[in-house]
Each structure stands twice: as structure tokens, then as C-alpha cells.
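This report goes from the chain as a whole to one residue within it. The sequence and the structure come first.

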Amino acid sequence: MMQKKPDTLPDIRQTKRLNAPIQKVWDAVSTAEGLAAWFMPNDMQPVVGHEFQLNAGPFGMSPCKVTQVDPPRRLSFTWGKDWSLTFELIDLDGQTEFTLIHSGWDIEAVTEFGESHALVRDRMNEGWVGLVKKLSTYVENE
């Protein structure tokens with residue numbers, strides 16, 4: 001029997017305990033203003049099916065579409081042609097456990113900009129560490 005070649009790369013997952021109430025974290029990940037404060041300028045609305053754009057600076061505008069909204073626990077959207085982002089929140093008595101999941105990595109695929117997913121995944125994995133720190137600063141110090 002032929003073995004299927006593993007063509008998917010693992011999801012990027014970042015989990016961090018935030019010293020902020022769940023509603024505050026939810027607002028930071030589910031509104032255009034909140035997302036812009038720590039991630040990228042955008043015109044997101046937390047409505048399933050809503051199509052919006054992330055302004056990725058030098059990489060231009062990325063088309064996105066909201067696929068799941070379960071306030072204040074879970075929000076997912078597609079990002080560009082391949083990826084999906086999910087934010088999961090768990091209420092910890094006044095604090096919030098935040099998990100980011102960036103999925104859709106394919107070892108064979110290249111991004112819209114002609115770079116391999118494997119290369120971009122490593123870079124994004126590092127990038128998300130900084131972004132989650134930015135989120136934590138934003139919700140903890142506001």
C-alpha cells in the first residue's frame with residue numbers, strides 16, 4: 001500500500017494567559033478597532049459570512065471571511081487563499097486564556113507572493129509570538 005506523503009504542516013498555536021476579563025479580550029479580537037490595535041488595520045465585523053480585508057502593509061490587502069462567531073469564546077476567519085485564523089478564549093475568573101490557531105499550511109503550497117508555506121510558517125510562528133505579546137499589552141494596560 002502506498003503511503004500518503006505528509007503534505008500538511010502543523011498549525012501554529014500560541015496560548016497565553018492574559019490578565020484581563022474575557023469580554024475585554026473578546027473585544028480586542030472580534031472588532032475592527034480591537035484587531036487593529038495589536039494585529040493589522042482591517043474592516044472586520046464579527047458576523048459569519050462577513051468579507052473583510054486585512055491591511056498587511058507591504059504585502060497589500062488580504063481578503064478574509066468570517067467563518068465562525070461564538071461570543072465571547074471563539075472567532076474564526078479565512079485569511080488569503082489558504083489560511084484560517086481562530087481565536088479561542090476561556091474565562092479564568094477575571095483572567096482569560098487566549099489561544100491563537102493559524103492553520104492551512106501545506107508543504108507543497110506557495111503563498112500569493114510566491115514563497116513556500118514551510119518558509120512562511122517559520123516566519124509567522126515567530127511573528128505570532130510578538131503579536132500575542134502586543135495583544136497582552138493592549139488588554140492588560142488599557
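In this predicted model, 39% of the 142 residues of the protein chain count as buried. The chain contains three helices and six strands, and along the sequence these follow the pattern β-α-α-β-β-β-β-β-α.

The C-alpha trace spans about 50 × 35 × 25 Å along its principal axes. The radius of gyration of the protein chain is 16 Å, which agrees with the value near 14 Å that a compact globule of 142 residues would have. Among contacts with a separation of 6 or more, 49% are between residues 24 or more positions apart.

The accessible surface of the protein chain is about 7800 Å², and carbon and sulfur atoms supply 52% of that surface. The chain carries 14 positive and 20 negative side chains, and the centres of these two sets are 3 Å apart.

One residue can be followed in detail. His117 belongs to helix 3, which covers residues 117–141. Is His117 buried or exposed? His117 counts as buried because its relative accessibility is 0%, and the cut-off for buried is under 20%.

| Partner of the His117 side chain | Part of the partner | Distance |
|---|---|---|
| Asp82 | side chain | 3.0 Å |

Leaving aside residues up to four places away in sequence, His117 touches Leu9, Asp82, Trp83, Gly104, Trp105, Asp106, Ala109, Val110 and Thr111. Both residues in the table, Asp82 and Asp106, are included in that list.

Conventions: Residues numbered from 1 in each chain as written. Predicted model: local features only at pLDDT ≥ 70, side-chain atom pairs only at ≥ 80, totals over all residues. Heavy atoms only, no water. Helix = DSSP H or I, 4+ residues; strand = E, 2+ residues; numbered from the N terminus. Buried < 20%, exposed > 50% of the residue type's maximum accessible area, 1.4 Å probe, protein only. Polar contact = N/O pair within 3.5 Å; in protein donor to acceptor, adjacent residues only side chain to side chain. Contact = heavy atoms within 4.5 Å. Rg over C-alpha atoms; globule rule 2.2 N^0.38 Å. Areas by Shrake-Rupley, 256 points an atom, 1.4 Å probe, with all protein chains shown as cover. Lys, Arg positive; Asp, Glu negative; His and termini not counted. Charge placed at Lys NZ, Arg CZ, Asp CG, Glu CD.
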